[in-house]
Amino acid sequence: MPELPEIEALAQFLRDHAVGAVVGRVDVAALSAVKTFDPPVTALSGRDVTGAGRWGKFLGMDCGGLWLITHLSRGGWLRWVDEPNPLPPKPGGKSPLALRVHFFTPEGATPAIDLTEAGTKKRLAVYVVEDPLVVPGIARLGPDALALTEDEFDALLKSTSQRIKTAIVDQTLIAGIGNAYSDEILHTAKISPFANTRTMSAEKVSRLYTAMRTVLLDAVDRSVGQDAARLKGEKRSGMRVHARTGQACPVCGDTVREVSYAERSFQYCATCQTDGKVLADRRMSRLLK
Ligand SMILES: [Zn+2]
């Protein structure tokens, strides 16, 4: 799932590539992805692209005061297509395409962006709105992870009592961080994913705040300027523990471990983060019974 750094890079990509173009036809291939009906997606056609923005993990393209907003969710992605198929896609087909926006550029080219979604769970969402804040997921967002001061971050953590891993991916508390970067932030800060937000020492909160900024800003630096098609690989290659179960921790050499839930899992290094303690993993203990 794209998180703050990838969405920031996609917003920059749209500013570099789409701003100045005129929106052509909008093809809807997956009707269920479109969450608003008034104004209709066809209202975008003929408008100039004037900007792009990000709210947490939401991406928006400003078409002269009418916004096309998307939440890519777990399997969604944005692709830039230089020479799109001029024929409208067949609705309900097996293609991962959810929405295609055609453009006319000032240079006379006719590229498009494709919003695609892999996998069977269709969660990619598209909204056409005049005010981004009417999108419920955006209205509910907490402050952006990169906009927080250390004092504000500390106050947010103290306002709740839960596992830090759960808290920092809660978009209503802090916007922008998902499963992958939270693993990396906690590993960099050398803090257990199960540490409690309220009882965490001031020194740990400070370490966590610094790690959050370092990990996210490094990833933004690596991602911005990359081709949209390359962002996924860039994200994966920068990871030290996330999705690296069984591999060696690049800091201490211990084996990266995993805690799994029904639908997802997260990774950590016991030596770096939990004083060597192996965290309970419900799936593993069930298998071992
Ligand atoms: Zn380690």
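Start by selecting strand 1 (residues 22-28) together with strand 6, which pair in the antiparallel sense over 5 bridges; strands here are DSSP runs of E with at least two residues, numbered from the N terminus, and two strands pair if DSSP finds at least two bridges between them. This is a predicted model, in which local features need pLDDT of at least 70 and side-chain atom pairs count only at pLDDT 80 or more, while totals for chains, interfaces and linings use all residues. Residues are numbered from 1 along each chain as its sequence is written, and side-chain values use heavy atoms, with hydrogens and water left out.

Stay on strand 6 (residues 97-104), where 7 of the 8 residues are buried, that is, under 20% relative accessible area with a 1.4 Å probe, protein chains only. Leu99 in strand 6 is the bridge partner of Val28, and Leu115 in strand 7 is the bridge partner of Leu99. Strand 7 (residues 112-117) pairs with strand 6 in the antiparallel sense over 5 bridges.

Next come the rings. The structure holds 7 aromatic pairs, counted for rings of Phe, Tyr and Trp (its six-membered ring) with centres within 6.5 Å, where planes under 30 degrees apart are stacked, over 60 edge-to-face and the rest tilted. Select Trp55 and Trp67, an edge-to-face pair with 5.2 Å centre to centre and 75° between the planes. Trp55 lies in strand 2 (residues 51-55) and Trp67 in strand 4 (residues 66-71), 12 residues apart. Trp67 is buried, with a relative accessible area of 14%.

Finally, select Phe13, Trp80 and Phe103, which ring pairs link into a cluster.

Definitions and conventions: Buried means under 20% relative accessible area, exposed over 50%, partly exposed in between (1.4 Å probe, protein chains only). Helices (H or I, at least four residues) and strands (E, at least two) are DSSP runs, numbered from the N terminus.
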